[in-house]
Amino acid sequence: VGGGARESKSKDVTREGDELVSTTEVRWCLSKRKDAKGLSAIFKKSRTPRRPFEKERLDAELQLVGKYGLRNKREVWRVLLALSRIRSSARSLLTLEEKNPRRIFEGSAMLRRLTRLGLLDEKRQSLDYVLSLKVQDFLERRLQTQVFELGLAKSIHHARVLINQRHIRVGKQMVNVPSFLVRTDSQKHIDFSLSSPFGGGRPGRVKRRNMRSKGKVGGDEDDEE
């Protein structure tokens with residue numbers, strides 16, 4: 001009888017321990033899930049619109065996708081999220097006093113970075129101009145748009161194909177990302193890659209095959225003569 005009492009007591013203790021462990025695990029998982037949600041919100045790259053079926057917004061996004069040769073509307077949403085974060089930072093800095101060290105340091109850094117990307121010029125060096133930035137300003141600085149404007153591609157869609165197929169370089173670095181934001185000092189260094197057939201490299205697969213076929217045809221004609 002005593003042994004049975006000990007076994008039941010030990011089972012109760014084990015059961016209580018299991019419940020304690022399970023509760024702790026649940027709390028740990030919930031805390032991790034909460035942290036993950038917070039991190040996902042911080043590192044989120046795009047944000048879906050609140051009103052998914054608003055006609056004016058749908059028409060505007062469709063025009064941007066067609067004009068700049070975007071893959072889908074998610075690329076527009078990515079730019080909108082980046083623009084909203086820049087605007088919120090500028091608004092928070094504008095609430096501070098002009099002589100505040102944080103406003104001076106972070107404001108000058110933001111203006112310097114936007115000027116380097118070509119989003120602001122030397123005449124618009126103020127946080128008020130940051131609030132007036134538009135989505136088109138960011139889309140104009142994309143590598144895809146710059147390649148088309150420089151005349152390296154026949155169309156905006158051809159520019160995207162050239163970038164994806166590794167034909168374009170910025171300086172000495174080959175870039176295959178169409179959404180790459182080009183700096184003002186790197187804009188004049190956009191050209192065909194040295195390994196690309198358009199830049200004096202090895203001919204493409206189809207051209208090599210055509211050259212081989214022409215060589216064979218020429219050799220057969222010589223044999224017949």
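Me: Which helix supplies the largest share of the lining of the second largest pocket?
Reply: This is a predicted model, in which local features need pLDDT of at least 70, side-chain atom pairs count only at pLDDT 80 or more, and totals for chains, interfaces and linings use all residues. Residues are numbered from 1 along each chain as its sequence is written, and side-chain values use heavy atoms, with hydrogens and water left out. Helices are DSSP runs of H or I with at least four residues, numbered from the N terminus. Seven residues, the largest share of the lining of the second largest pocket, come from α3.

Me: Which residues lie nearest the centre of the second largest pocket?
Reply: A pocket is an open set of points on a 1 Å grid over the protein atoms alone, where a 1.4 Å probe fits, with protein on both sides within 12 Å along at least five of seven lines; lining residues have an atom within 4 Å of a point. The space in this second largest pocket is about 390 Å³, a volume being the space filled by probe spheres set on the points, which are joined across faces, edges and corners. Of its 15 lining residues, those nearest the centre are R78, V79, A82, F138 and L181.

Me: How many residues of the lining of the largest pocket are charged?
Reply: The largest pocket holds about 480 Å³ of space and is lined by 17 residues. Ala, Val, Leu, Ile, Met, Phe, Trp, Tyr, Cys and Pro count as nonpolar, Asp, Glu, Lys and Arg as charged, and the others, Gly among them, as polar. Beside eight nonpolar and three polar residues, the charged ones in this lining number six.

Me: How are α2 and α3 oriented at their packing?
Reply: Helix α2 (residues 55–68) packs on helix α3 (residues 73–94) at about 100 degrees, with the axes 9 Å apart. Angles of 65 to 115 degrees count as roughly perpendicular, so α2 is, relative to α3, roughly perpendicular.

Methods: Axes are lines fitted to C-alpha atoms, for helices over the stretch in contact, and angles run from 0 to 180 degrees between N-to-C directions. Helices (H or I, at least four residues) and strands (E, at least two) are DSSP runs, numbered from the N terminus. Angles under 35 degrees count as roughly parallel, over 145 as roughly antiparallel, 65 to 115 as roughly perpendicular and the rest as oblique.
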